[in-house]
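The following exercises concern a single protein chain and are to be worked with its sequence and coordinates at hand. Each task is followed by a stepwise solution.

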Amino acid sequence: MRLTINGREHELEADVRTSLLDVLREHLSLTGTKKGCDHGQCGACTILVNGRRINSCLTLAVMHEGDEITTIEGLGEPGRLHPMQESFLHHDGFQCGYCTPGQIVSAVGMLDEIAKGWPSHVSASLEGGASASADEVSERMSGNLCRCSAYPNIVDAIREVADAEETRGTERNAA
Ligand code: FES
Ligand code: FES
């Protein structure tokens, strides 16, 4: 199969029953994406497929030929971190760090969902216009578990990035 991951094409052979998570970790050594439960319950394996966040343990790799796959390694790298990675560092949004890659990738996908106007269970309106309030962030990140319970700092980190993006958007509109 041929997969495009972090902008790079990979040609590989794997059993058609292999999950995307196992292909990333076991075949391509992209071990930034973590395996917590392997059952879609913890969010540690979250990646972006065509910009949307999914649990990579719940999908087969062979289903993703032609998709744009982004893992934590594709968001930033040492010396050139993604703003969400910087913010997690700044706010100390982790303890053991095991859930952190999934949290960061999920947060990037989640802010995009808010920007697109997709409502959540706690949004006041189904017509869009939700902001990255603490309630919205907690609800929308509820699929990403942290066994160390670093949640307050994770929420702070995400909200700082959301505020910065909002400010940049306002400045762009005013220019
Ligand atoms: S490892 Fe995929 S959700 Fe837990
Ligand atoms: S920091 Fe340990 S699981 Fe989240």
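**Exercise 1: A loop asparagine**

Asn144 counts as buried because its relative accessibility is 5%, where buried means under 20% relative accessible area, exposed over 50% and partly exposed in between (1.4 Å probe, protein chains only). The model is predicted, so local features need pLDDT of at least 70 and side-chain atom pairs count only at pLDDT 80 or more, while totals for chains, interfaces and linings use all residues. Residues are numbered from 1 along each chain as its sequence is written, chains are lettered from A and ligands numbered from 1 in the order in which they are written, and side-chain values use heavy atoms, with hydrogens and water left out.

Task: state where Asn144 lies and which residues it is in contact with.

Solution. 
- Step 1. Asn144 belongs to the loop between helix 5 (134-140) and helix 6; helices (H or I, at least four residues) and strands (E, at least two) are DSSP runs, numbered from the N terminus.
- Step 2. With neighbours within four places in sequence left aside, Asn144 is in contact (heavy atoms within 4.5 Å) with Cys42, Gly43, Thr46, Gly102, Gln103, Ser106 and Tyr151.
- Step 3. For Ser106, 38 residues away along the chain, the C-alpha separation from Asn144 is 7.7 Å.

**Exercise 2: Two packed helices**

Task: describe how helix 4 and helix 6 pack and which residues make the contact.

Solution. 
- Step 1. The axes of helix 4 (residues 100-115) and helix 6 (residues 151-174) are 11 Å apart and meet at an angle of about 35°. Axes are lines fitted to C-alpha atoms, for helices over the stretch in contact, and angles run from 0 to 180 degrees between N-to-C directions.
- Step 2. Helix 4 contributes Gln103, Ala107, Met110 and Leu111 to the contact, and helix 6 contributes Ile154, Ile158, Val161, Ala162 and Glu165.
- Step 3. Leu111 also touches Met84 and Ala132, besides Ile158, Val161, Ala162 and Glu165, not counting residues up to four places away in sequence.

**Exercise 3: The nonpolar cores**

Task: identify the residues with the most contacts inside the largest nonpolar core and the helix that supplies its largest share.

Solution. 
- Step 1. A nonpolar core is a set of buried Ala, Val, Leu, Ile, Met, Phe, Trp, Tyr and Cys residues joined through side-chain atoms within 4.5 Å.
- Step 2. The largest such core has 24 residues, and Met84, Phe88, Met110, Leu111, Val137 and Ile158 have the most contacts inside it.
- Step 3. At least two residues of this core come from each of helix 2 (72-75), helix 3 (83-91), helix 4 and helix 6, and helix 4 gives the largest share, 7 residues.
- Step 4. A second, separate core has 13 residues, including Met1, Leu20, Val23 and Ala61.
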